[in-house]
Amino acid sequence: MITHIEIEGFKSLKKVALDLGGLNIFIGTNASGKSNFFEALRVLQGIGYGFTISEIFDGKPKSATGEVWEGIRGGSALASFRNSAVAEPSLRIVRFTVKLKAEGLDQPLTYSIAIDTGEAQIRSERLWVGENLENLIFGEQLASVPGNLTVPMLALAPLPDVFGVQLTKICRALLADTQVLDPAAENLRDYSKVPQARRMGDRGENFAGLVSSILPQDATTSAYTSWLKQLTPAELDEVVLLRGALKEPLFAFKKGNQAIPASILSDGTLRFAAIAAAFFQPDMPRTLLIEEIETGLHPTRLRLLLELLRSQSVNGTPQVMATSHSPQVLAWLTEDDYKTTFLCRKDEETGASTIIPLSEVPGFLDLARKQPASDLFAEGWLEGAL
């Protein structure tokens, strides 16, 4: 779980430092920095995979040893911060620092890397245990180290164990095990390509195969079905699977004696069903990214979705990062949620994004106790407060 993250010089994120929790929600207008924060997490994911800097930013084709990796939007050419107020080239050095909470460690694990996006090279990289550099696992200026400039040292093996634990392996796993979930209705309505899946694809591929893995487990079936019944109580008695000519599964509801296949369920119902299923995946990701959580959902059902996200991420497994444009999302937040609900705003003159928890927006807590937080968002008060 990422407990703290610092991003410097990446896209519109000139300098951002955030303390994160189990459920983290990012709100703000279009082009305010929400997606750029998600892109920063994808950079860290690529580092965890052991890709070269060029592959992380510009993409990697499918090979015998790996799937396609889509590069960061705009590639390395547009990866660094550009000051829109002056006609200067962008800052070429981007820095990422993450503090990680790992199972079995009583101290945080911190990883830091500085990247020259113009040369697609690493300028510095460190990994340490604890609150300072006393327990440094590795760390050096890399400009004079031939051959180590483009592949993170974190990906190189073998590196020595510390405290009897292979911390580099743990760090890589924590960064890499991220699922960017954006299920597409056409995939959710399709037959699964596999009979059972331990994890669905980021776009909802093999959704029915995942449900096929969930249903044989009584406890998970009951919990999963319960969430869906709350969404559509009039349409659902149980979740079932229909079978194609080759026994491939297709997601369906059953009401009485009638099966309602995915092909005639609404986009919003299917999207909720896929997001809910993601929390019962046998191969559970450590980090789950979900953009625009309100997509396809009636405003009255957003409360149910937030309850799902909050309850399933309470222990940080998985840790959820979600974006939203909906004022209604704020209507169902508690005061505790404000600590990890982040307002994103871009300065029109400089192009730099500010990301700040609602709990630290000047005057917000007092006003939110007197009138709905959703109104403060919808009326533009939050943007003006920054």
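The legends below describe several close-up views of one predicted model.

In this predicted model, local features need pLDDT of at least 70 and side-chain atom pairs count only at pLDDT 80 or more, while totals for chains, interfaces and linings use all residues. Residues are numbered from 1 along each chain as its sequence is written, and side-chain values use heavy atoms, with hydrogens and water left out.

**View A. Helix 8 and the elements that cover its buried residues.** Helices (H or I, at least four residues) and strands (E, at least two) are DSSP runs, numbered from the N terminus. Helix 8 spans residues 302–312, and its buried residues are Leu302, Leu304, Leu305, Leu306, Leu308 and Leu309; here buried means under 20% relative accessible area, exposed over 50%, and partly exposed in between, with a 1.4 Å probe and protein chains only. The cover over these buried residues includes strand 3 (23–27), helix 6 (218–231), helix 7 (267–278), strand 12 (287–290) and helix 9 (327–331).

**View B. The packing of helix 6 against helix 7.** Two packed helices are described by the angle between their axes and the distance between the axes. Axes are lines fitted to C-alpha atoms, for helices over the stretch in contact, and angles run from 0 to 180 degrees between N-to-C directions. Helix 6 and helix 7 pack at about 155°, their axes being 10 Å apart, and they are therefore roughly antiparallel to each other; angles under 35 degrees count as roughly parallel, over 145 as roughly antiparallel, 65 to 115 as roughly perpendicular and the rest as oblique. Tyr224, Trp227, Leu228 and Leu231 of helix 6 make the contact with Thr269, Phe272, Ala273, Ala276 and Ala277 of helix 7, where contact means heavy atoms within 4.5 Å. These residues divide into eight nonpolar, one polar and no charged, with Ala, Val, Leu, Ile, Met, Phe, Trp, Tyr, Cys and Pro counted as nonpolar, Asp, Glu, Lys and Arg as charged, and the others, Gly among them, as polar.

**View C. The crossing of helix 1 and helix 3.** The axes of helix 1 (residues 34–49) and helix 3 (residues 167–176) come within 7 Å and cross at roughly 140°, which makes helix 1 oblique to helix 3. On helix 1 the contact is made by Leu44, Gln45, Gly48 and Tyr49, and on helix 3 by Arg172, Leu175 and Ala176. By kind, the residues of this contact are four nonpolar, two polar and one charged.

View D. Leaving aside neighbours within four places in sequence, Val320 is in contact with Gly22, Leu23, Asn24, Phe279, Leu288 and Ser313. Val320 and Leu20 are 300 residues apart in sequence, yet their C-alpha atoms are 9.8 Å apart in space.

View E. Most residues other than glycine have a negative phi, and most peptide bonds are trans.
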